[in-house]
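Visitor: I'm new to this one. Could you show me how to read it, feature by feature?

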Amino acid sequence: MPDNKKFIENLSGTGKCIGVLTSGGDAQGMNAAVRAVVRMGIYVGAKVYFIHEGYQGMVDGGDNIKEASWESVSSMLQVGGTVIGSARCKDFRTHEGRLRAALNLVQRGITNLCVIGGDGSLTGANLFREEWSGLLDELVQSGEISEEASQIHSALHIVGMVGSIDNDFCGTDMTIGTDSALHRIIEVVDAIMTTAQSHQRTFVLEVMGRHCGYLALVSALACGADWVLIPEMPPKDGWEEQMCNKLSENRADKKRLNIIIVAEGAIDQSNKPITTELIKDLVVRCLGFDTRVTILGHVQRGGTPSAFDRILASRMGVEAVLALLEASPGTPACVVSLCGNQAVRLPLMECVQMTQEVQKAMDEKRFEDAVRLRGRSFENNLNTYKLLSHRKIDSELPHSSFNVAVLNVGAPAAGMNAAVRSAVRVGITEGHTMFAVSDGFEGFCKGQIKEIKWGDVGGWTGQGGSLLGTKRTLPAKHIDKIAEQMRIHNINALLVIGGFEAFESLLQLFDARSRYEEFCVPMCMLPATISNNVSGTDLSIGADTSLNAIVETCDRIKQSASGTKRRVFIIETMGGYCGYLATVGALAAGADAAYIYEEPFDIRDLQSNVEHLTEKMKTSIQRGLVLRNENCSVNYTTDFIYQLYSEEGKGVFDCRKNVLGHMQQGGSPSPFDRNFGTKISAKAMQWISKKLKECYREDDGHVFANTEDSACLLGMRRRALVFQPVIQLKDETDFVHRIPKEQWWLRLRPLMKILAKYKTSYDVSDSGQLEHIIRLRTKDISAI
């Protein structure tokens with residue numbers, strides 16, 4: 001074992017006590033974080049205490065601080081809000097209140113705190129830590145604790161997790177609860193769109209975000225809103241006329257509805273509030289449109305957490321416990337956070353200071369600074385929204401004379417349509433003529449290629465499946481005819497959106513360049529597959545929607561199993577040979593096991609799982625959930641596992657099986673997939689424009705690109721969006737099983753096992769580096 005490897009087995013929490021509390025406004029996913037802290041804490045041998053009602057419970061003590069058990073966090077994962085309660089606490093703001101809180105913690109031996117809340121809650125925790133030794137001295141002097149107790153509990157360690165639907169905390173790409181709040185908003189917007197369309201109405205929607213426009217901005221991106229108003233970027237003077245012109249242009253373009261999204265803290269250049277009523281009156285007065293206002297309010301905080309929030313909170317909860325175990329008296333209070341797809345630790349006060357700087361910049365009307373301080377993720381969203389929403393008149397457009405074709409290849413994935421819409425609109429803005437190919441390469445060879453205009457893709461973001469049509473056919477079969485069609489339509493660049501077949505297609509086209517000059521053009525592929533099995537990317541368009549469908553079904557099945565008691569469900573998921581959906585679905589649904597191809601298993605493993613479930617049935621949690629990837633084993637089929645469990649569990653539990661099938665492929669895309677598809681597609685089109693200019697030959701007026709870096713896949717790698725030549729990804733791919741040779745999510749499997757009470761080895765070498773937010777700011781983080 002290499003020296004630089006660090007394993008969970010070598011970290012012990014014996015003798016340590018961890019207190020976990022939720023504070024400030026509630027957010028969906030807080031319970032998943034509490035559950036992960038409790039189970040990971042118990043797993044490493046520590047005692048974990050619930051501190052009910054936030055800081056108020058810490059100050060009041062008594063029954064508010066209770067030891068947690070493994071079973072006490074069962075069934076929490078799928079519940080919104082926070083089951084341990086949260087409260088705004090005035091007492092904790094006083095020195096006297098903090099003194100009482102310190103006494104209550106020392107009496108129980110708690111010197112490790114995990115605080116889940118917003119920047120106010122985390123700032124309070126840091127102040128408490130700084131005052132800790134002084135508070136203990138006071139308690140010794142008043143005779144409430146002994147000198148010995150003061151020595152034993154001399155250092156207080158604090159780790160924060162940000163739970164806030166507003167996503168208003170600097171240093172983290174996503175706070176716990178933001179994705180779920182976006183789910184609520186998008187559900188409402190999708191519903192409103194159908195009624196608005198019927199009556200040709202304009203809807204003004206107010207979403208939460210007093211000081212932060214993230215929810216408004218991303219929901220506007222995800223539903224293709226006509227106008228968005230956020231506090232960080234107030235509209236320029238004369239915006240009222242501009243907005244009304246845009247709305248009437250859209251109506252003239254046969255669009256039957258308008259959606260305007262307003263953050264509750266929206267302001268104009270003079271820092272005056274822009275209210276929904278003000279906008280409604282403006283639209284009615286200037287345009288006479290039938291206009292309605294909907295204020296979403298606390299609906300956004302409610303409901304069950306999304307799959308993304310459950311995974312995020314579970315990963316952060318485990319990371320928080322690791323940070324507490326590794327803390328020394330000199331370690332500053334830190335926040336565990338997500339940067340791209342990477343868990344990081346950041347000094348708490350650096351994040352808080354930067355968050356406060358945003359507000360300061362807004363107060364001083366330095367709005368561009370405010371956007372920059374919010375971070376790369378926010379900036380990217382804003383730039384993409386600007387790119388897609390403001391249609392330029394033909395005279396304003398650069399004229400490129402390039403033709404770019406876009407097509408879908410492989411199985412449908414939710415979010416494909418959002419990617420196509422984004423590509424078409426960005427392409428038109430860049431001055432290109434955009435062509436849509438129906439039915440993948442099968443349609444390509446038949447000449448099913450037609451020009452696609454700005455208005456043709458209106459309303460596409462929220463549509464599931466593939467509106468262009470998609471087929472699994474690879475181009476090699478029809479390479480002559482495809483080359484001919486490229487020539488007929490003078491196609492200068494290709495954007496291929498799809499899964500493993502799209503990857504294989506690009507390799508075949510790259511290979512055909514030596515024989516056909518028609519394929520010597522810039523080509524880019526965007527990964528879109530529910531299986532998430534393409535090399536070169538951590539995430540694919542469509543996988544998040546599919547995960548949510550799996551998790552929603554698992555929640556219902558768990559409810560059914562809880563009602564009948566002593567029942568185990570075997571659930572089969574899609575994914576081909578890739579175990580992503582089964583593994584990450586199991587983590588998000590709180591399953592007991594997940595069988596996948598990448599981690600071979602035998603009859604002994606099945607036996608040990610049955611024994612584990614038999615033990616579980618003796619506790620208060622009398623139900624089981626087991627996920628199985630469709631191709632995990634030729635012989636250990638779903639039926640076999642079902643029959644084995646039924647036989648071995650006789651008299652202890654009974655068994656049911658459920659094959660989820662194509663429901664995992666359908667449905668309206670999740671906010672994440674709409675946003676991800678929109679952003680990576682816009683980035684891909686900008687890359688194509690750059691390549692077209694580089695590869696244009698002045699002498700004969702042709703585009704000629706035959707280098708490796710002109711046929712790329714755009715994927716998300718840890719922290720950044722990266723263009724990678726497909727030919728270089730060939731060696732990273734197992735073509736027989738259609739999966740990458742190395743997959744990041746396999747590192748999440750021990751996490752799933754630990755949270756299901758299995759002893760396992762867990763490599764934690766990735767965690768533990770305390771980074772600095774300023775350094776993070778300067779890195780090129782093209783975050784999601």
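This is a predicted model: local features need pLDDT of at least 70, side-chain atom pairs count only at pLDDT 80 or more; totals for chains, interfaces and linings use all residues.

Visitor: How many bridges join strand β10 to β11?

Guide: Six, linking β10 (residues 334-339) to β11, and the two strands run antiparallel.

Visitor: What order do the strands of the open sheet follow?

Guide: Seven strands make up this open sheet, and you can read them off as β3-β2-β1-β4-β5-β10-β11, with mixed pairing. At the edges are β3 (65-67) and β11 (342-347); each has a single partner strand, so one side of each has no neighbour in the sheet. Ignoring direction, neighbouring strands are turned by 25 degrees against each other on average.

Visitor: Which strands does helix α1 touch?

Guide: Helix α1 (residues 30-43) packs on the sheet and touches β1 (17-22), β2 (47-51), β4 (112-117) and β5 (157-162). Its direction makes about 175 degrees with that of β1.

Visitor: At what angle do helices α11 and α12 pack?

Guide: Angles over 145 degrees count as roughly antiparallel. Here α11 (residues 348-363) and α12 (residues 367-374) pack at about 160 degrees, their axes 8 Å apart. That makes α11 roughly antiparallel to α12, and their crossing is left-handed.

Visitor: Which residues make the contact?

Guide: From α11 come Met354, Glu357, Val358, Ala361 and Met362, while α12 brings Phe367, Asp369, Ala370, Leu373 and Arg374. Sorted by type, the residues of this contact are seven nonpolar, three charged and no polar.

Key. Residues are numbered from 1 along each chain as its sequence is written. Side-chain values use heavy atoms; hydrogens and water are left out. Axes are lines fitted to C-alpha atoms, for helices over the stretch in contact, and angles run from 0 to 180 degrees between N-to-C directions. Helices (H or I, at least four residues) and strands (E, at least two) are DSSP runs, numbered from the N terminus. Angles under 35 degrees count as roughly parallel, over 145 as roughly antiparallel, 65 to 115 as roughly perpendicular and the rest as oblique. A crossing is left-handed if the near helix is turned anticlockwise from the far one by less than a right angle, and right-handed if clockwise. Contact means heavy atoms within 4.5 Å. Ala, Val, Leu, Ile, Met, Phe, Trp, Tyr, Cys and Pro count as nonpolar, Asp, Glu, Lys and Arg as charged, and the others, Gly among them, as polar. Two strands pair if DSSP finds at least two bridges between them.
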